Amino acid sequence: QGGGSAVIDMENMDDTSGSSFEDMGEMHQRMKEEEEEEAEGEAGAGEEEDGEFLGMKGLRGQLGRQVADQMWQVGKRQASRAFSLYANIDILRPYFDVEPVQVRARLLESMIPVKMINFPQKIAGELYGPLMLVFTLVAILLHGMKTSDTIIREGTLMGTAIGTCFGYWLGVSSFMYFLAYLCNAQITMVQMLSLLGYGLFGHCITLFVTYNIHFHSLFYIFWLVVGGLSTLRMVAVLVSRTVGHTQRLILCGTLAALHMLFLLYLHFAYHKVVEGILDTLEGPNMPPFQRVARDIPVVSNAVLNTTAKAIALTL
Amino acid sequence: FPGLADVSISQDIPVEGEITVPVGSHSPDEDCSTLDEPVKDTIMRDLKAVGKKFVHVMYPRKSSALLRDWDLWGPLVLCVSLALMLQGGSADSKDDGGPQFAEVFVIIWFGAVVITLNSKLLGGTISFFQSLCVLGYCVLPLTVAMLVCRLVLLAGAGTVSFIIRLIVVGAMFGWSTLASTAFLADSQPPNRKALVVYPIFLFYFVISWMILTFTPQ
């Protein structure tokens, strides 16, 4: 089935890439046939003709062959480049082979800790759900910036949001995979990525709710309950796949700590980063950690005044 | 995957028949005639093609014209105009609109590439550039929303204007998503449409967020 899909992809290849490949192939084929005919003709005629005359004809045939070979090399290189691009996509294809029902089921399962830790729990090695969850987390973080009405440097915040979420997902997964390798846990890299990615579902829910309802205590409750549930699930799955108490402790402790701390970081650091920028711009007038919506015209006026003052000072 | 190990293009697969786009085929005499025509004709032809695609986006029907002869002029124009209009929204006036422009550009094109890869990985039959073309053209309603937002912001920046902007941006966001879904979801196996629609929804949501939170200086 994988081979079939690869062939179909080549057929659906758009006309701008690799279009010369088939022409090269055809041209090469035609030239080969022509040369074979030529060679046969030459072989037939050469017996009757002079040796030197055959030499000149042979030289021309060689030149043609070289040119054809060169063109064939170029075409082959283009084709192999195009094919390696498609081969890379095909490597990822089985990890995206899911149905919406399965994704929904896995999302709900990620919040339910398993009870059986005595035999290894199955982890679906799927990348669609985790990838979509990471993007959703990025979108929720951006939405959080908007509802806290702190839009000072949009560009930096957006880049930071994307970098943070992807960095967490890929970095912590790699680190946990490395630890799992040290602790002899039965888990592959894709499974680790999938497990951690689905664990971000709890983060998404928590941040979505607490960015809209600004209560510290509500956040702590959500942090403990929702974050705790998803952590318990991940920990239980990992424990079921590891033997030895020390190894289980190391793995699960690290994962729990990183997971919960990331949620804390997402909630507090963004407010603080943005409010830190605000504080430096507006001076000591603004109280810290103000959760009310800021009045944009006032802020922008204050910023304008500060920058005007700064420019006047430098001049 | 045993089938992948020995994939090769055998001679009897009619590859050329599948790949060459019928509209794009140029017979030699056609080439000479388009070379000799005045520049105005060439430009008008391309402009008309782009305009026709804009009309297809605004009234999304199940036609394959957008897919068959794809081009990236429309998405480029839309992306550049959207990025230009979103420029100057940073409160720090020393911060020039440079990062903002590049940010919008990168987000639109990177997002479109990711959605295309996702739809291909889910088993879609649409090609890479066709998908980019559709996603780029469906940014048109959001560009219109950006224009409207700028006009509304000229009148004032109070709660009423925020509500108006919210309604307009929300409506255009829904239109964009519906338009692109009408073109892209058809190329998917029927039970996986939701998996393809969700990233498109996220993509246009992020662009709508950028438009809605725009405050001019």
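Among contacts in chain A between residues at least 6 apart in sequence, what percentage join residues at least 24 apart? The share is 79%. The model is predicted. Chain A consists of 315 residues, of which 43% count as buried.

**Chain A overall**
- DSSP assigns 10 helices and 0 strands to chain A.

**Helix pair α7(A) and α8(A)**
- Helix α7 (residues 189–212) and helix α8 (residues 216–240) of chain A have axes that come within 9 Å and cross at roughly 170°.
- Angles over 145 degrees count as roughly antiparallel, so α7(A) is roughly antiparallel to α8(A).
- On the α7(A) side, the contact residues include Leu195(A), Gly199(A), Gly202(A), Ile205(A) and Val209(A).
- On the α8(A) side, they include Phe219(A), Phe222(A), Trp223(A), Val226(A) and Met234(A).
- By class, 12 nonpolar and 5 polar residues make up this contact of α7(A) with α8(A), with no charged residues.

- Ser176(B) lies in helix α10 (residues 159–184) of chain B.
- Buried means under 20% relative accessible area, so Ser176(B), at 0%, counts as buried.
- Beyond four places in sequence, Ser176(B) touches Cys138(B), Pro141(B), Leu142(B) and Tyr204(B).
- Tyr204(B), leaving aside neighbours within four places, is in contact with residues including Leu135(B), Val139(B), Phe173(B), Ser176(B) and Ser180(B).

**Largest nonpolar core**
- The largest nonpolar core has 112 residues, and those touching the most other members are Leu251(A), Tyr204(B) and Ile207(B).

Methods. Residues numbered from 1 in each chain as written. Chains lettered and ligands numbered in written order. Predicted model: local features only at pLDDT ≥ 70, side-chain atom pairs only at ≥ 80, totals over all residues. Heavy atoms only, no water. Axes fitted to C-alpha atoms, helices over the stretch in contact; angles between N-to-C directions. Helix = DSSP H or I, 4+ residues; strand = E, 2+ residues; numbered from the N terminus. Parallel < 35°, antiparallel > 145°, perpendicular 65-115°, else oblique. Contact = heavy atoms within 4.5 Å. Nonpolar A, V, L, I, M, F, W, Y, C, P; charged D, E, K, R; others polar. Buried < 20%, exposed > 50% of the residue type's maximum accessible area, 1.4 Å probe, protein only. Core = buried A, V, L, I, M, F, W, Y, C linked by side-chain atoms within 4.5 Å.
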